[in-house]
Amino acid sequence: MTAQAEAVIRYATLDDMEEVAALFDSYRQFYNEEPNYVGSLHFLRERVFLGESQVIVAVVGDEIAGFTQLFPSFSSVTMQRLWILNDLYVKQAFRSLGIGESLLQGAANFAHEAGAKQLFIEGAVDNLRACALYERFGFIRNRGYYYYHYPLHAAATTPDEQINVVPTVK
């Protein structure tokens, strides 16, 4: 029997956060962030407690072998809910056993049940293994749009450059 057949895919609870935080910290380090278990734990607990994300875990035996974290969004064009699959990580010992695919299926099931139009994921262009998994699963590489990001540390820092948004008073 494979680890895929033995894996239980379920929603994480606040009780799982210490174990998930260790995986989340490893995931962040994969993307060249400094280790920060305490920050990882705080971030995850806050997201889950406030209902700002959905964390799904793969459990093999009594060990969390991997996780995925989804964040809600919307399409203003279609006026429908979207979910962004922001994080997907499987412990090294459990890779190539179908755990990642099982987590993707759990995420897709969750998004569908939540009435979402689509599930989005992005992958680093040099992470060929992950990108191959996404495409094998059925994700379609976007060829019609460019995605941009704007680092807010680059935002205006002097009063002359700032535009303040004035709150509406009723």
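Me: Is Y31 buried, partly exposed or exposed, and what is its relative accessible area?
Reply: In this predicted model, the class follows from the relative accessible area, where buried means under 20% and exposed means over 50%. Y31 falls in between and is therefore partly exposed, with a relative accessible area of 35%.

Me: Which geometry do the rings of F30 and Y31 adopt?
Reply: A pair of aromatic rings is described by the distance of the centres and the angle of the planes. For F30 and Y31 the centres are 4.9 Å apart and the planes stand at 85°. Since planes over 60 degrees apart count as edge-to-face, the pair is edge-to-face.

Me: How many residues apart in sequence are the parts that the pair of Y27 and F67 ties together?
Reply: Y27 and F67 form an edge-to-face pair, with 6.2 Å centre to centre and 80° between the planes. Y27 belongs to helix 2 (residues 17–30), whereas F67 belongs to strand 3 (residues 63–75), so the parts tied together by this pair are 40 residues apart in sequence.

Me: The charged end of which residue sits over the ring of F43?
Reply: F43 is part of one aromatic cluster, whose members include F24 and Y89. The charged end over the ring of F43 lies 4.8 Å from the ring centre, and it belongs to R47.

Note on methods
Residues numbered from 1 in each chain as written. Predicted model: local features only at pLDDT ≥ 70, side-chain atom pairs only at ≥ 80, totals over all residues. Heavy atoms only, no water. Phe/Tyr/Trp six-rings, centres within 6.5 Å; stacked < 30°, edge-to-face > 60°. Helix = DSSP H or I, 4+ residues; strand = E, 2+ residues; numbered from the N terminus. Buried < 20%, exposed > 50% of the residue type's maximum accessible area, 1.4 Å probe, protein only. Lys NZ or Arg CZ within 6 Å of the ring centre and 35° of its normal.
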